[in-house]
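Open the model in your viewer and keep the selection tool ready. This tour goes from stop to stop, saying what to select and what is there.

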Amino acid sequence: MRRLLPLLFVLSTGWVFAQGPAMPARDADELLVRAGANSPRVPEAERLGARVKRTRDGRSFALVWRPVGESRGWIVTLHGSGSWAHDEIVLWQPFAQQRQLGIIALQWWFGGGQQSADYYAPPEMRREIEALMTAVGARAENTLLHGFSRGAANLYALVAMDGRTPRPLFRSVIANAGGMSADFPMNRDIAGGRFGPAPFSNTRWWLYCGGGDPNPERDGCPAMRRSQRWLQDRGAQVELTEDPGGDHGGFHRRGQNVDRALDWLLGAR
């Protein structure tokens, strides 16, 4: 199949993503074909040894990468808008290898469309992540949850919901250039007290923003400062990296940001 490079464009909402089919894929097999046709990082993720794991509902897949030797911990990661799990494997792998961490990258976009129905919702994400973590032996105490852009914007609801379960999966979280959206229904529920007065009391968060982010009120430093205060008001321990020289993808492109986050989150164990 001829490999197509993604055509990037920006919607009026500001989300940046790769142009692709208007309709979501029917199942995981079709979604994998679309990834191969639209993501230039697929060959690199395959070369690194990432393995495909289909989700329990058959709608999507995850990629699992393991370092040489025994994994000391895991990074569970959610890609950005209209993106692919392969991107997360390639971006995280050098840092994960250095620290002997495995990677679980969930493909939570269904490969077409940009409505909420074209993505897993937080309850569905948690269901699939729990199964993936169980399969590799990942535990809450040795797992970091990361989300980029739209993936980060969904972390606030995902972690609050997770905290209400008998066995929470997430204690350490990296929200990478994606602020808390006050009009997201589950975030309104959190703010209204449905999840209790301190739903993030047992979690530690590292937030990143770049000074050159093109959407500062949504993903950049004004948004992430507001998110920091919102999380702290609800019990979280939070650090924020403001990178004046960074842009929307500056967390991984400027490796010192990743190292600072991992030093802080892993050093607390």
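**Stop one: α3 and α10**

Select helix α3 (residues 85–99) and helix α10 (residues 255–267): their axes come within 11 Å and cross at roughly 40°. That makes α3 oblique to α10 (angles under 35 degrees count as roughly parallel, over 145 as roughly antiparallel, 65 to 115 as roughly perpendicular and the rest as oblique). Axes here are lines fitted to C-alpha atoms, for helices over the stretch in contact, with angles from 0 to 180 degrees between N-to-C directions. Helices (H or I, at least four residues) and strands (E, at least two) are DSSP runs, numbered from the N terminus.

A note before moving on: this is a predicted model, where local features need pLDDT of at least 70, side-chain atom pairs count only at pLDDT 80 or more, and totals for chains, interfaces and linings use all residues. Residues are numbered from 1 along each chain as its sequence is written, and side-chain values use heavy atoms, leaving out hydrogens and water.

Now show side chains. On the α3 side, pick Trp92, Phe95, Gln98 and Arg99; they meet Gly255, Val258, Asp259, Leu262, Asp263 and Leu266 in α10. Contact means heavy atoms within 4.5 Å. The residues of this contact divide into five nonpolar, two polar and three charged.

**Stop two: α1**

Select helix α1 (residues 28–38). Its buried residues are Ala28, Glu30, Leu31, Arg34, Ala35, Ala37 and Asn38. Buried means under 20% relative accessible area, exposed over 50%, partly exposed in between (1.4 Å probe, protein chains only). Their cover includes α2 (42–48), β3 (51–54), β4 (61–65) and α3.

Zoom in on the start of α1. There, a side-chain oxygen of Asp27 reaches to within 3.2 Å of the backbone nitrogen of Asp29.

Next, select helix α6 (residues 155–162). How many of its eight residues are buried? Eight of the eight are, so to speak a mostly covered helix.

α4 and α6 pack at an angle of about 65°, with their axes 9 Å apart. Pro122, Pro123, Met125 and Arg126 in α4 meet Ala157, Leu158, Met161 and Asp162 in α6. By class, this contact has six nonpolar, no polar and two charged residues.

**Last stop: Asn215**

Finally, select Asn215, in the loop between β9 (204–210) and α8 (221–232). Asn215 counts as partly exposed, because its relative accessibility is 23%.

How values were computed: Ala, Val, Leu, Ile, Met, Phe, Trp, Tyr, Cys and Pro count as nonpolar, Asp, Glu, Lys and Arg as charged, and the others, Gly among them, as polar. A polar contact is a pair of N or O atoms within 3.5 Å; within protein, one must be able to donate a hydrogen and the other to accept it, and residues adjacent in sequence count only if both atoms are side-chain atoms.
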